[in-house]
Amino acid sequence: MNDLYLSMGRKEGAAGSLYWPIRFTNTSTTSCALRGYPGVSVLDTAHHQLGPAATRSGSPYGTVTLAPGHSASSVIRTTNGPIGGPCLRTGTYLRVYPPASRTPALIPAAWTTCSGVFQAGPVNVEGAI
């Protein structure tokens, strides 16, 4: 998993939710495969976790094979503000464990979990949550 570069895509809001894709880019010279869900949690500037880790969306998934230089994404979701409960403090980083990896990546990302909703979708190339 050392040959994966993780970054954030573009945030989008829709129907009371906020969606933000985490991009997994293969930086090696050979193909790699990803299957399932990443582990995602929000950290503050001191790298302390804010609230619980993301739950899995429950969406079906398959194996994604990434050719060198290609990307796939996992979309994270929360509510767009305190719709059904309060918002936590805004985090500074996302700690992301790629599927089947025990080594996390820290991605600078301002993320606020609201209403107790924090979900991650499976890694895929379609953008589903």
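Here is a short tour of some rings and their neighbours. Keep in mind as you go that this is a predicted model.

**Stop one: the rings.** A search of the whole structure turns up three aromatic pairs. Select Trp-20 and Trp-111 to see one of them: the ring centres are 6.0 Å apart and the planes sit at 20°, so this pair is stacked, since planes under 30 degrees apart count that way.

**Stop two: the strands.** Now colour by secondary structure. Trp-20 belongs to strand E3 (residues 17-26), while Trp-111 belongs to strand E10 (residues 105-111), so the pair ties together parts that are 91 residues apart in sequence.

**Stop three: one more ring.** How are the planes of Trp-111 and Phe-118 arranged? They stand at 35° with the ring centres 5.9 Å apart, so this pair is tilted. Select Trp-20, Trp-111 and Phe-118 at once and you have one aromatic cluster.

**Last stop: a charge.** Go back to Trp-20 and pick Lys-11. Lys-11 lies over the face of the Trp-20 ring, 4.3 Å from the ring centre.

How values were computed:
Residues are numbered from 1 along each chain as its sequence is written. This is a predicted model: local features need pLDDT of at least 70, side-chain atom pairs count only at pLDDT 80 or more; totals for chains, interfaces and linings use all residues. Side-chain values use heavy atoms; hydrogens and water are left out. Rings of Phe, Tyr and Trp (its six-membered ring) pair if their centres lie within 6.5 Å; planes under 30 degrees apart count as stacked, over 60 as edge-to-face and the rest as tilted. Helices (H or I, at least four residues) and strands (E, at least two) are DSSP runs, numbered from the N terminus. A charge sits over a ring if NZ of Lys or CZ of Arg is within 6 Å of the ring centre and within 35 degrees of the ring normal.
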